[in-house]
Amino acid sequence: MAKKQLRIGLIGYGFMGRAHSNAYAQVGHFFPSSYDVVLQAVCGRDAAAAQTFADKWGYKSIETDWKKLIARDDIDVIDIATPNNLHGEQAIAAAKAGKAILCEKPLGLNAPDALKMVEAVEKAKVPNMVWYNYRRCPAVTLAKQIIDSGKLGRVFHYRANFLQDWTISPDLPQGGAGLWRLDAKVSGSGVTGDLLAHCIDTAMWLNGGIKDVTAMTETFIKERKHTLTGKTEKVTIDDACSFMCHFDNGSLGLFESTRYARGHKALYTFEINGENMSLKWDLHDLHRLQIFDYADEGTERGWKSVHVSDGDHPYCGNWWVPGLQLGYEHSFVHQVVEFIKGLESGKGARPNFKDGLACDYVVDAVLASGKKKTWEKVPKPKGWK
Ligand code: NAI
Ligand code: SOE
């Protein structure tokens, strides 16, 4: 039987443009489905650079105006891999044009922006997903399966960190290509929306909703030269953020993120402690899940490190043979697998735009608390489970 085509129109050919393109190129080879993923068009403002990218990754055509890409009737899916301030406008236009949408995180520049995006996809009834790809690292999905089986018993604690060190130099400018993350007008926030958003998404997937938060934020370097204006301008992002929270299930959360932890490049770790079992994960060792099971008997009871690569581990059976580990890029392939499964079942894929909004509500509450030094209640999207 002829397969249906899933014709991708990608906006943005930076870091994530590459990660997504690699996922589209690989998915059909390893995960059979009723869809053929077709790299139909890539959009970037510089025609020559877009053409170079298209030639390298196998896109059939290019556009230099994202509105034209969205208007094309030979595109089924709009993939938004642009800086955060563009997600809203691009996703709403794509929804109005009836396209399925895959959007990078954080969903919106802030929660009000994300809410409009949710309303747009619900009104247009188009499939939608946010690229919170860490959910799809096999070891993280395995953690989800273990938690959902109830083996942990009552959960007491959840803690997560996302530590980097790339903005320590005061000479690093803000704004423009590569450095838009330091310009709050483009990024929305600093480490809270960029890094903690991942930790929050994973946390709520594994341990349920967050009720309230109290945070401490800091901007260590108050002024930086702006690449686009050439002037020294005030820095308004949060360079570091720590927050505590209550989860709906009564457990306590502790989160920290910074770009000033000398020596750490992308140290995303989480740990969950239940009455019977604890689980631990570390992005630097992403193919392993650390498990402590109190039911293990005797003097050899202790933490074990499970090499998540066996045929019955999530996603692994579709790849190589047991023992050969998967990496960062595979999490994006698995995200596409989930998106396609969502189309096939008609049930949609997670994390969807509502999950993205739920995360943005936490991000906004954390930022508000950091400013006001208060406990902030966290709203939830209507009908979100
Ligand atoms: P990047 O700066 O490497 O790439 C952004 C791309 O958007 C560039 O190709 C740029 O030319 C393009 N662009 C900017 N304005 C445009 C416009 N008006 N029309 C068309 N293209 C435009 O940024 P990166 O790292 O790829 O980040 C993009 C998004 O992905 C962000 O929302 C970021 O938060 C998210 N991200 C997610 C990650 C994850 O783990 N899921 C990892 C890194 C980024
Ligand atoms: C920042 O350096 C960054 O690329 C984030 O934007 C991503 O979301 C994170 O996955 C890795 O770090």
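Domain bounds in this tour come from an automatic or database domain assignment. The model is a predicted one, in which local features need pLDDT of at least 70 and side-chain atom pairs count only at pLDDT 80 or more, while totals for chains, interfaces and linings use all residues. Residues are numbered from 1 along each chain as its sequence is written, and chains are lettered from A and ligands numbered from 1 in the order in which they are written.

**Stop 1: the two domains**

Begin by colouring residues 4-133 as domain 1 and residues 135-377 as domain 2; their C-alpha centres lie 23 Å apart. Next, select the boundary, where 35 residues of domain 1 are in contact with 39 residues of domain 2, contact meaning that C-beta atoms, placed from the backbone, lie within 7 Å. On the domain 1 side, look for α1 (15-30), α4 (84-96), α5 (111-124) and β6 (128-130), each of which supplies at least two residues. Helices (H or I, at least four residues) and strands (E, at least two) are DSSP runs, numbered from the N terminus. The most is given by α1, with eight residues.

**Stop 2: the open sheet**

Now show the strands in the order β16-β15-β14-β13-β7-β12-β11-β8-β17, which form an open sheet of nine strands with mixed pairing; two strands pair if DSSP finds at least two bridges between them. Because β16 (304-307) and β17 (375-377) stand at the edges with a single partner strand each, one side of each is left without a neighbour in the sheet. Within the sheet, select β11 (residues 240-247) and β12 (residues 252-258), which run antiparallel and are joined by seven bridges; A240, for example, has T258 in β12 as its bridge partner.

**Stop 3: V362**

Finish by selecting V362, and ask which residues V362 touches, not counting residues up to four places away in sequence.

How values were computed
Contact = placed C-beta atoms within 7 Å.
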